[in-house]
Amino acid sequence: MNKAFSKGFVSLLATTFFSSTLLLCSSFATAQISTTPSAAQIEQFKKLPKSQQQALAKQFGIDLNSFDMSGNKTQNGQQQAPELQYLNNQNTNSALDQALTNTKKTQNKHDLNNLKPFGYDMFQDMQTAFVPGENTAVPADYMIGPGDTLEINLFGKESSSQQVTVDNEGKITFAELQPVNVAGLTYQEVKTRIAELVEVSMIGIKSSVSIANLRNIQVYVVGDVQKPGAYQLSSLSTMTNALFISGGPNEVGSLRDIQLKRAGKTVSKLDLYKLFTQGDVTSDARLQQGDVVFVNSIQSQVKVYGEVRRPAIYEVKANESIAETIKLAGGLTSLAYPKNVLLTTLDTNYQRVVKRIDLTEPSAKQSVKAGDVVRVLPISQQFSQVVHVAGAVSRPSSYAFVEGMTLNELITNADDLTQSTDMNYALIVSENNDGTISLNNFAPRAALAGSSVTLSANDLVLFFNRYDQNDFMADSLKKRELVAAKLDDIPNISTNEKLDLTYSAQQSAANSLKQELLKLNIAALKDDQELNYLYQLKTGDLQIQQQALDSTKSLSRQELILPIVKLLQANVLPGQLVPTVEVSGQVNFPGVYPISSNATILDVIASAGGVQESANLDVGEITRINNSVNASDSTHVRFSLHQALNGDKSANIAVQPKDVVNVYQQANWQKESRITLSGEVVFPGTYTIREGEGLANVIQRAGGLTNFASSEAAFFTRESLRELEQKQARDLARNLSKELAFKSISSSYASIAVGEVQTLVNQLTTVEGVGRLVIDLEKVLGDDSYDIQLENGDKLVIPTYRREVNVIGEVQVATSHIHSKDWALEDYLRSSGGLRQQADEDRVYIIRANGLVDIPDYTWLGGDETTINPGDTIVVPLDANYTDQLTLWEKATSIFYQLTVGLAALGRL
């Protein structure tokens, strides 16, 4: 029976192990499958450290930024990606649940407060798991007793079958034979006795004996158990069957001191730890009628946690050693440090003391006692003989160090670097035996060419990108920032559907920019330990260290340098300056950089990514702090990069800690500026201009004007003026909207043309600026004193001579007319249907072809002597009194009409 039960128990354990392994494999199989955590899973996420949150999120493809960690999606995560919707199924969530559970177990093994007594969970919901079944094979050593039913088959010259039951006297009667006493015999002995009896008494007949039904026995389970009492069990039952049926020991019941009492004597003792940890069932005795299973109370318990396989509270016997106790806990993990095990125990005065135990020494045989706490510490995560290579390299990693190693053994060719690696500057960070930090910079180009760079154990070699992500995004980001700034001035208008596509695109770009800025702010609030690759490299385990090295591949120069600067600041000795230099001016990456003890001005410039094309190579300046007893003053040292680059060693001066290096800009330097000439010029196109160049000179370079040019209608625009016009229009729209809101709740609301005012507000909000600068091109070309100094982005359009006269504003039909020498102002207004009711006829004005504004010249008799020329525009404004004297209305309409006229004129050209 013991062997059969052992096989059954081992089979159960194997099934459990197989299921767990299958689930574990499932979790690995879904490692790269994206899923969306449930609210319950988010709650478990919140209880984990941030590093474990990020690890699980990476494994299951979860974007933690899409959740507010309270189970709800953030605004950014309202719409799931299609692949997430498809893969968000029960399997992935089950795997996530398992991963969270495993992570929690890993976390708990280092938490003393989360330890639970070992073995008691085996009895939960398993009361029927160890009850012998009806079809269970009866072992040969089973003791036959009253109540058992035997089936005897006779075969030979005659065949028969008969079931007999062992009576109270232990006898059976079958066939024509006398009663046979079988009580006290084993199953095998009964079969042998019957076979011999049949063979002697019934010649020519043989027998076959089996057990048809087993008897029931009554046993008592008492002591510290969940449900003590008398139980009717199968005669094949053992001590463990009785324990599981009764719910197992309670919280004070022992798992290691369980006694089987028979006729007042203890006949067997059971240690369940051997069963649970070793599968040993040799002490699991079979029960008999009237047996008593007694569960004693716990005498001694110790806590074992840390780097053991089963952290828990264990029951220990007298004189059990620390090594034996750790063996109960499954032994040490692969990360355990056996030479430093902490034993917290009580001294003779019942005061807590901590002892250091070396499991490799005889001291590990020291006995543990009640209340002891055993903690197995992990091994150090620090590498003793490695070199870390990080930054802009193909394979950031840790490499084994050997004495005399050089960088050429790790970086053998250009393929080991990235296409963006800065070939002029790299940095080696070394930590000395006394804890100080040493720095050494080198040129990767020289290293690849054969220059030897010696390495030391635990060196960190940093390679940098010669580009920055912002180099490729600067223009677009600048535009988006301008759009965002403009949108801040736009009022909240209810008729958004009237806004044009251009404004919608601007608003979308601004919202995207604000979201990016929000993400940056959130990232800045995160724990520095998570963002500092150097901290992770020094304190993390093997996986975290490799992740930190991998992350450096995409870090910017400043993100790589800042942790080094922080490290130097933390290790500076009293009275010394931090070995850093600030580089500003015309360099590619201004900032603060660490320096070696013998760094020169060329080293510092290389650390900042080199100089820009605008740099002044002849003159630069170093501002140096001079420490004295009473005060600190500074001196200024001039240097010449030109001389230093040409090999003048005296010009390549040494720098000192806290120096500020400023690379000047070249005098009169500016980036390429351009102006666009179009229309009636001999050679229209875009021309590059120098600083201070005038318009007349550029027109001369373009071959001058053609014979068809209308110089009086020249249209000159400037980008800075265009932006100013748009800002002014937005400001007026905001103020006009506020006043409209005030008027709408006043008593004069009925007299306000609210719809027209709102339309104008919308138009001012969406109108594009023109940026027209009124010029007299004839004077520009004929008088040097009237010439215009150009700016980048200027445009000049010289139209062909045209004869139209435009009439816009508050007329019945805004239109254009062919110029007539005989027509006066009134003739053009009459030809446009006359004035509308809301027109202000006293404030009609004329915008000349060159952009100047003219007021009609009325005589005292009411006549009009104003001359209307080809290309002029007649503007009839809205009467401000018509809108109940709404403030800003007159100014707003004037600006709007001017912008409209400018755009219309530009469109015609």
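I first wrote down that two strands pair if DSSP finds at least two bridges between them, and that helices (H or I, at least four residues) and strands (E, at least two) are DSSP runs, numbered from the N terminus. The model is predicted, with local features needing pLDDT of at least 70 and side-chain atom pairs counting only at pLDDT 80 or more, while totals for chains, interfaces and linings use all residues. Residues are numbered from 1 along each chain as its sequence is written, and side-chain values use heavy atoms, with hydrogens and water left out.

Entry on a sheet. I found an open sheet of 5 strands with mixed pairing, in the order β31-β30-β34-β32-β33. At its edges lie β31 (815–818) and β33 (853–854), each of which pairs on one side only. I then followed β30 (residues 804–809), which runs antiparallel to β31 over 4 bridges, and I noted that V805 stands opposite H817 in β31.

Entry on a helix. Which residues of α15 are buried? In this helix (residues 542–551) I noted Q545, A548 and L549 as buried, meaning under 20% relative accessible area with a 1.4 Å probe, protein chains only. They lie on the same side of α15 because they cover an arc of only 100° around the axis, taken from the directions from the helix axis to the C-beta atoms. Among what covers these buried residues I listed β16 (386–391), β17 (397–400) and α14 (533–539).

Entry on the whole chain. I recorded 24 helices and 34 strands in the protein chain, and of its 909 residues 41% count as buried.

How values were computed: Buried < 20%, exposed > 50% of the residue type's maximum accessible area, 1.4 Å probe, protein only. Contact = heavy atoms within 4.5 Å.
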